[in-house]
Every structure is written in C-alpha cells, then in structure tokens.
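Colleague: Please take a close look at one loop in this model. Then set it against the rest of the chain.

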Amino acid sequence: MSRIHRLSTRLANQIAAGEVVERPASVVKEVLENSLDAGATRIDIDVESGGSKLIRIRDNGSGMDAQDLPLALARHATSKITSLEDLERVGSLGFRGEALASIGSVSRLALTTNSDDGSEGCTAICEGREMEVQVRPAPHPQGTTVEVRDLFFNTPARRKFLRTEKTEFNHLEEVVKRLALSRFDVGFSLRHNGKVIHNLKSGTSDAERQRRVATVCGPAFMEQAIYIETDLPDFRLWGWVGLPTFSRSQADLQYFFVNGRVIRDRLIAHAVKQAYRDVLYHGRHPAFVLYLEVDPAQVDVNVHPTKHEVRFRDGRTVHNFIFSSLHRALADVRPADQLPENVVAADDGGTINTTTGEISSQGGLAWGAPSQAAGSGFGSYQPAARPLAGGAMEQVSSYGQLHPPANQAGLPEQGAAEDVPPLGYAVAQLKGIYILAENAQGMVVVDMHAAHERITYERLKQSRDTDGIRSQPLLVPQAVAVSQREVEVAAEHSELFERLGLAIEVGGEESLLIRQIPVTLRDSNVEQLLRDVLSDLIEYGSTDRIEAHLDEILSTMACHGSVRANRRLTIPEMNALLRDMEETERSGQCNHGRPTWTQLSLEELDKLFLRGR
C-alpha cells in the first residue's frame with residue numbers, strides 16, 4: 001500500500017475541473033457569471049467548433065489590477081467573500097474561487113484585463129501544465145477578455161466524452177439564454193463560427209423585458225403567457241407563466257431564478273407541478289419564466305459546485321408561497337384575459353392597441369404586458385352558485401330560463417362592440433358537440449361537454465370546500481407499518497390529516513392506525529395514499545395527495561354529470577353556458593386539461609378565404 005501524499009497542484013485542479021468544467025457550456029457559464037459580478041453591461045461571446053476549439057468572452061466590467069492576475073488563476077482565490085458570514089448570505093453569482101483555475105488546468109487560457117481606461121492593461125497566460133502563470137502588459141479597454149482555446153487538449157479521455165459540435169453549441173447557447181433572462185439590463189451577443197446567433201440589447205422597461213423573453217423563449221410563449229407578481233414581506237415572485245393550453249411535450253421551457261441565479265430544484269418543480277395539477281393535459285409540461293427574490297440569508301447556494309441547486313432555510317414556506325401564487329393566478333384567468341388584442345397599424349410602422357390606446361414601435365411586442373395581465377392574474381372572483389339539484393339535463397334545461405330570447409331569432413340584442421361579452425353570443429350548434437358564437441374579435445368555437453364539465457367540477461369543489469369533507473369511522477382500525485421517521489411526521493401533521501378527513505393515530509414506534517377516512521375514499525387504497533402523503537411531507541414539507549385524490553373523484557362525477565354529445569341546446573341555453581364559462585375558474589380547460597374553447601379572429605377567417613389579397 002502506498003503512503004499518503006499531497007496531490008500536485010495540477011492534478012488537484014484537474015480533479016476540481018471534473019466538477020466545474022463538464023463541457024464548453026460550463027466554461028461559458030462560469031466566465032459569464034464572473035462578468036456579471038464585475039458589473040458588466042455588455043458581454044460578447046465568440047465561439048468556434050461548438051466551443052471546443054475557441055471560447056472568447058469580452059465584457060466592459062470593472063476589470064482587475066495587474067497584481068491580482070496571478071492570484072485570479074489560483075484555486076480558492078476570490079474577491080466576493082471574505083468570511084463565513086459572507087458565505088451565509090452570498091449575493092454574487094460566483095464565490096467558490098475555483099472556476100478560472102479549473103478552466104486553466106484543462107485548456108490554453110489567456111485572461112486580458114484593465115481596471116482603468118486611462119492605463120494600459122495586462123494579460124495572464126496559463127496553458128494547463130503546472131499552472132505557471134505568465135503576466136505581461138497588453139492593451140485593453142476597461143473590462144476583461146477571457147480566451148479559452150483547445151478545451152481538454154491535455155485530458156484526451158475527457159475530450160472523448162464531448163458530443164457533436166451542434167450538440168455542444170446547443171448546450172452553450174442554452175447557458176447564454178438563461179443568463180440573458182436573468183439580467184435584462186445587460187446586453188449579450190453570441191457568435192458561432194463567425195455567424196451572429198443572438199444580439200440581445202439591454203433594457204429595463206416592460207416592453208424591453210417582454211421583447212427579450214419573446215426572443216429567447218419564442219413569440220408564441222409570450223402570446224400564451226400571463227404576467228404574475230406577488231409580494232410578501234419575505235418573498236417576491238414575478239414573471240411569466242404559460243397558459244395550460246401552451247404546454248410542452250418536455251420540460252424544455254422552464255426557467256426559475258432565485259435572486260438572479262438560475263436553479264433546478266425539486267421543491268420548486270413540485271410546487272409548480274402542483275399548481276398546474278388539474279389544468280394540464282396528461283404527460284405535458286408547463287412553460288414559465290419566474291423570478292423569486294428572497295433574503296440571501298434564507299437560501300444556501302453552496303450546495304453543489306455548479307451552483308444549480310440551492311437549499312432553502314424554510315422550504316415548506318417557499319413551496320406553499322410559489323404554489324399558492326401560481327394556483328391563484330391560473331385560477332383567475334378568464335376568457336376575457338385570453339382574447340387577442342385589437343391592433344391597427346400606426347403611422348411609424350408600429351401598432352396601436354385599440355383597446356388600451358397604447359402605441360408600440362415597429363417590431364414591438366404587445367403580449368402579456370404586466371399592466372394588463374397583472375390585473376387578470378389577481379382580479380376579484382365571486383364564486384359561482386352551488387351545483388343545481390338534479391342531473392345534467394335539469395341543469396341544461398334551466399339555462400333557458402336564465403337568458404330568454406331577446407328577439408325573433410333567439411339572439412340577445414347586440415349593441416356596441418364593447419358591450420359584447422368575451423365569448424360573444426351563440427349563433428348555432430354544430431353536430432351536437434360544438435357551440436358556435438360570435439364576439440367582437442370574430443368566431444368562438446366551444447366544446448360544450450368539456451366546458452360544462454369544468455363548470456360542474458368547479459361547483460362540486462366549491463360545495464365540498466363550503467360543507468367540509470365528510471368522514472366515516474372504520475369499524476376496525478387499519479394498522480400500517482411505517483418507519484420511525486414517518487411516525488414522527490404523522491404526529492407532527494395530525495391537524496393536517498384531520499382537516500382532510502383522515503384520523504391517524506400512533507400505534508407504536510413503527511406503526512400507525514387509520515381510524516377514520518373521507519367518505520369519498522372508501523373504495524380507494526387508503527394505505528398507499530397515506531404512504532404517499534407521508535413521503536411528500538418528508539421531502540417537500542407539504543402535500544396535496546389527498547386533495548388530488550378527492551378532486552379525481554369529483555372530476556369523474558363532473559364528467560358523468562355533464563351534458564353529453566348530441567344533446568341539442570337552445571340558443572338561450574348555449575348563451576347561459578357561455579356566461580357561466582366567463583365566470584368560472586380555469587374554464588379554459590376541462591378537468592383533463594383539454595381546451596374548452598378557441599377563438600378564430602376575423603383576420604384568420606379572411607386568410608382562409610383569401611380576402612383582401
């Protein structure tokens with residue numbers, strides 16, 4: 001057996017590089033974070049061969065002094081923290097002091113910088129051998145340029161793990177997109193093999209922020225997103241969340257930032273998934289760009305070398321805050337908030353919003369404006385009446401009494417465009433499935449079963465919340481073998497179980513007794529449900545398993561209790577259904593996440609018939 005010895009500086013840095021530098025994208029991330037910490041307002045990224053041949057990043061930040069250059073390339077050398085207290089409330093993106101050393105150990109690194117426009121700059125060169133740093137004068141304006149060539153040239157095994165040039169560049173581009181979304185006040189440009197890929201201008205106004213989000217995430221996202229903003233004494237959450245109808249087959253359009261740092265966190269992912277629970281189609285993923293601002297002392301960013309993961313001091317509170325904010329925002333979206341805005345051309349080539357009178361410049365965006373969508377996200381909502389007694393036929397029949405025919409054709413009198421309801425007035429029924437209506441924008445098509453299903457479902461939930469969850473005691477208590485940790489969690493959350501209609505008692509050090517269950521769950525596997533609830537409580541500090549199970553049952557009841565296809569409705573019945581949709585939470589989707597209605601504007605209809613060409 002060999003004796004214990006100290007690793008060489010080169011080997012130690014290459015081991016550290018294995019954690020920090022996985023691929024060219026990792027290099028770009030670390031250097032860009034340093035540029036942002038240096039106060040840069042403009043950053044230019046130039047790469048060749050997906051970043052494996054060349055990565056050159058130039059910024060106009062504060063730069064560095066010549067005497068600091070050798071230390072900048074040493075491990076655990078940083079200007080961002082000086083004490084344990086600083087580490088406990090990190091406000092910068094970087095702080096570990098090992099990125100440049102790790103990059104220099106596996107590449108040919110040149111760092112040129114200047115801290116003052118009036119003086120000459122200097123450059124430090126390190127070529128991945130014994131980390132010998134050569135410093136010499138070099139002209140450079142204020143700021144820093146980092147040039148990384150031949151990544152992994154001295155570690156062939158690592159180089160073999162790199163993917164194709166296109167794949168590596170896609171990862172690198174994604175890093176630039178994330179950081180561009182984190183700092184709207186900084187301009188970014190990205191070139192690959194001499195071709196400009198992105199040129200994002202800085203800006204802090206609402207329109208400029210929307211323009212950048214639309215550029216990074218695509219215009220379709222902004223067209224189908226709502227702006228949310230929630231402020232509490234300890235937290236602030238703001239950003240854009242996609243409507244449930246704008247879902248994705250994979251989780252590739254999800255950006256979450258904590259104090260400007262992009263993170264991937266299971267607690268956050270669970271809170272978002274829970275908020276979209278009964279409005280998202282099975283197997284689909286929501287899209288969002290969200291920013292959480294919290295006291296740095298309440299979040300630990302020193303969890304992983306890549307700093308992609310964080311740990312919250314009070315994870316349960318953060319989870320509940322994010323869930324409740326998104327849940328409320330999605331619930332408050334009404335058809336009126338989803339209608340396309342009426343715009344006409346302005347004299348300067350821009351557009352004028354005929355609803356608000358706002359003018360946008362040419363190429364400007366009129367999507368998801370905070371001033372407009374914030375109201376829709378947190379507007380007042382009056383709960384609809386409780387479900388009518390009887391089955392679906394009785395409910396549908398009662399619609400006719402709510403809106404009697406106003407003229408011979410059975411249509412309500414239509415006045416000015418602003419008096420037309422968001423979903424308009426029904427004109428016909430198609431194949432006993434769809435309602436065709438006319439509104440100020442054009443034609444609305446409604447899936448009447450899906451729409452009535454959501455209305456009935458929401459009324460059943462309101463009835464349950466008003467009357468509470470009815471429970472029934474078990475004749476023979478059901479014993480469940482669990483771990484000691486699960487027994488402790490069950491005892492700690494006993495009030496939660498009681499509120500959900502589940503009476504749980506401690507039967508021993510590793511045993512629980514189920515004495516009472518909700519009536520609607522009498523045919524369910526309550527033991528497995530209890531285990532799942534305890535698992536959620538241990539991992540996230542919160543759970544909605546029981547509510548979700550109860551909602552599934554109510555959803556099934558609503559599905560069977562809603563108007564079926566081929567049921568002929570009168571014009572007043574159809575209009576009453578439309579008015580109910582306009583007042584019902586989440587009416588844009590049925591219980592299974594399918595859309596309930598769609599809008600065809602007059603412009604879209606004209607295109608179908610080649611009008612105006």
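Modeller: First, the accessibility scale: buried means under 20% relative accessible area, exposed means over 50%, and partly exposed lies in between, with a 1.4 Å probe and protein chains only. Ile433 has a relative accessible area of 31%, so this residue is partly exposed. The model is predicted: local features need pLDDT of at least 70, side-chain atom pairs count only at pLDDT 80 or more, and totals for chains, interfaces and linings use all residues. Residues are numbered from 1 along each chain as its sequence is written, and side-chain values use heavy atoms, with hydrogens and water left out.

Now the loop. Ile433 sits between β19 (425-430) and β20 (434-438). Strands here are DSSP runs of E with at least two residues, helices are runs of H or I with at least four, and numbering starts at the N terminus. Lys431 belongs to the loop between β19 and β20. Lys431 is exposed because its relative accessibility is 62%. Its backbone stands out: phi of Lys431 is near 55°, a positive value in a residue other than glycine.

Leu430, Ile433 and Tyr434 make up a nonpolar surface patch. Patch residues have over 30% relative accessible area and no salt bridge; nonpolar side chains (Val, Leu, Ile, Met, Phe, Trp, Tyr) are joined within 5 Å, like charges within 9 Å.

Asn259 lies in the loop between β11 (254-258) and β12 (261-262). Phi of Asn259 is near 50°, again positive in a residue other than glycine. Asn259 is partly exposed because its relative accessible area is 33%. Gln298 is in the loop between β13 (288-294) and β14 (299-300). At 36% relative accessible area, Gln298 is partly exposed. Its C-alpha atom is 8.7 Å from that of Arg311, 13 residues apart along the chain.

Next, the interior. A nonpolar core is a set of buried Ala, Val, Leu, Ile, Met, Phe, Trp, Tyr and Cys residues joined through side-chain atoms within 4.5 Å. The largest core holds 60 residues, and Phe221 and Trp240 have the most contacts inside it. Helix α7 (residues 165-182) supplies the largest share of this core, seven residues. A second, separate core has 34 residues, including Val241, Ile268, Val272 and Val294.

Helix α15 (residues 448-467) is next. Of its 20 residues, 17 are buried, so α15 is largely enclosed by the rest of the structure. Its expected span is 1.5 Å times one less than its number of residues. That gives 28 Å, and the end C-alpha atoms are 28 Å apart, which agrees. At its start, a side-chain oxygen of Asp447 comes within 3.3 Å of the backbone nitrogen of His449. Just after α15, Gly468 takes a positive phi of about 85°.

Last, the charges. A salt bridge is a side-chain nitrogen of Lys or Arg within 4 Å of a carboxyl oxygen of Asp or Glu. By this rule there are 37 salt bridges. Arg56 pairs with Glu147, with the closest N and O atoms 3.0 Å apart. This pair links distant parts of the chain: Arg56 is in strand β2 (residues 54-59), Glu147 is in strand β6 (residues 143-149), and they are 91 residues apart. Arg56 is partly exposed, at 25% relative accessible area.

Glu527 and Arg531 form a local pair, 3.1 Å from N to O. Both are in helix α18 (residues 526-540), four residues apart, about one turn of the helix. An α-helix has 3.6 residues a turn, so residues three or four places apart point the same way. Glu527 counts as partly exposed, at 26% relative accessibility. Arg531 is partly exposed, with a relative accessible area of 26%.

Arg586 and Glu585 also meet in a salt bridge, 3.0 Å from N to O. Both Arg586 and Glu585 are buried. They belong to a salt-bridge network that links Asp278, Arg328, Asp332, Arg454, Glu458, Lys461, Glu585 and Arg586.

Methods: Areas by Shrake-Rupley, 256 points an atom, 1.4 Å probe, with all protein chains shown as cover. Polar contact = N/O pair within 3.5 Å; in protein donor to acceptor, adjacent residues only side chain to side chain.
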